[in-house]
Amino acid sequence: MKVHVQTEVNGEAVEFLCDPTATLLDVLRDNLGLRGSKEGCGTGDCGACSVELDGALACSCLILAAETQGRSVATIEGVATPEALHPLQSHLLKSAGLQCGVCTPGIVVAAKHLLEEDPNPTEEAVRYFLAGNLCRCTGYDKIIRAVLDAAAEMRGEAA
Amino acid sequence: MQGFAYEAPSSLDALRARLAAAQGAGELTQVLAGGTDLLVQMKQGQRAPGLILDIKRVGETQALTVDGDWLTIGASVPAAKAKAFPLVAEAFPGLAHAIDLIGSSQIQGRASLGGNLCNASPAGDTIPALIANGFEAQILTADGLRTLPVEAFVTGVGKNALASGEVLLALKAPVPGPRSGDAYQRFTPRTEMDIAVVGVGARLTLDDAGVIASACIALGAVAPQAFLAEAAGAALVGTRGEPQALEAAAAAAMAVAKPISDKRGSADFRRRICGVLVKRVVAQALERCTTGGTK
């Protein structure tokens, strides 16, 4: 039997029917057409499907879509405005902090969560916080630099 | 994942009634909290329940409170929230550190201490810290509640003391008094995203004169389940944690450690690391007894 779910995604009310076995990631991609969140591993190891659920950072591959009834989901699609990229996104571009790009949405969502908790993290803190976001292309250095530069810009300091 | 029904009762009574009905109907029921272990196990076909009961809408499982002398951490409270709770961060820095070692930031946003305990991995990081701190498991039964010390809750690898129809509701511990400190440390080949080769938790309390009045040392990943190394604690009581007392505690812990050899370390290596970690953890807990610090 399908489950009827009413929830909120990126500030908009959303309603869908899904199988009880569907994950939030399945529904985001297949029902709602939000394909920014990626399925890397499906087991919570790679972080490519990172979203926020009621403000908590989580892997959407390990959340049942049915669990989101009455909750609030934030995905990569809600990060930029129609006018401008988020500083994390512009700095990832500027630093060439991506190659294939599959890990990038998860890194942006996770790094944004970190900077909201701690606007001035050390490099070590960024590395620890993003340990659950795997990137197989860049070697991480440019990603970490982009996050630190974005943080500086968001604090109003020259990056 | 194999098909299942999903329900999320919103009260203790509704949860108890649904559990009883499922038991009567012979439905294979699985409780869901953070799901970071459960969903992986279901995707891999290791578990195939017919009914998922999500307990996160039962208020008691989301409690994070200090009531008089007791700290309560609801069974489905996510790790990120538990470690940031002021009393946990200040009075249980060892437990807070153990929580911080669970998986990644994303996993900590969902994974619960209750789930970590029910999953009953021999290497679960929070379990030795919970045991050393004297946590009790509060369990919902068919007709009431029962409590069990955490060290008696895990009964083997992946096995716990919950009977059919029972659910872990919360973890409770006495709030430590003055001159008390806890610590948890583990050994892993990598600094992050790894599983403990050995983990040791300690809670020490000093008397007015600075002598150790009580000492609880819990060992993880050196036996099928984490356990209280009573002789190691006893070796410290009445001392000031002098080097020879630490050596005695380490020797007592190594004597009761029964590690296996696997890809993460040989039994002999694990036993020796267990001794090293006991000394480090006791020294750290001792420092916290005097500074009350949250290092």
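What follows is a short chat about a predicted model.

User: What should I know about numbering and confidence here?
Analyst: Residues are numbered from 1 along each chain as its sequence is written, and chains are lettered from A and ligands numbered from 1 in the order in which they are written. The model is predicted, so to speak with care: local features need pLDDT of at least 70, side-chain atom pairs count only at pLDDT 80 or more, and totals for chains, interfaces and linings use all residues.

User: How many helices and strands in chain B?
Analyst: Twelve helices and 14 strands, taken as DSSP runs numbered from the N terminus (helices H or I, at least four residues; strands E, at least two).

User: Which strands make the open sheet there?
Analyst: Four of them, in the order E11-E12-E13-E14 (chain B), with antiparallel pairing; strands pair if DSSP finds at least two bridges between them. Strand E11 (180-187) and strand E14 (227-228) of chain B are the edges, each pairing on one side only.

User: How many bridges join E13 and E14(B)?
Analyst: Two, between E14(B) and strand E13 (residues 212-220) of chain B. Ala218(B) has Leu228(B) as its bridge partner in E14(B).

User: Switching topic, how many residues of chain A are in contact with chain B?
Analyst: 22 residues of chain A, with 22 residues of chain B; contact means C-beta atoms, placed from the backbone, within 7 Å.

User: Which element of chain A gives the largest share of that side?
Analyst: E4(A), with four residues. Strand E4 (56-59) and helix H4 (123-129) of chain A each supply at least two.

User: And the span of chain B?
Analyst: Its C-alpha trace spans about 60 × 45 × 30 Å along the principal axes.

Technical notes
Contact = placed C-beta atoms within 7 Å.
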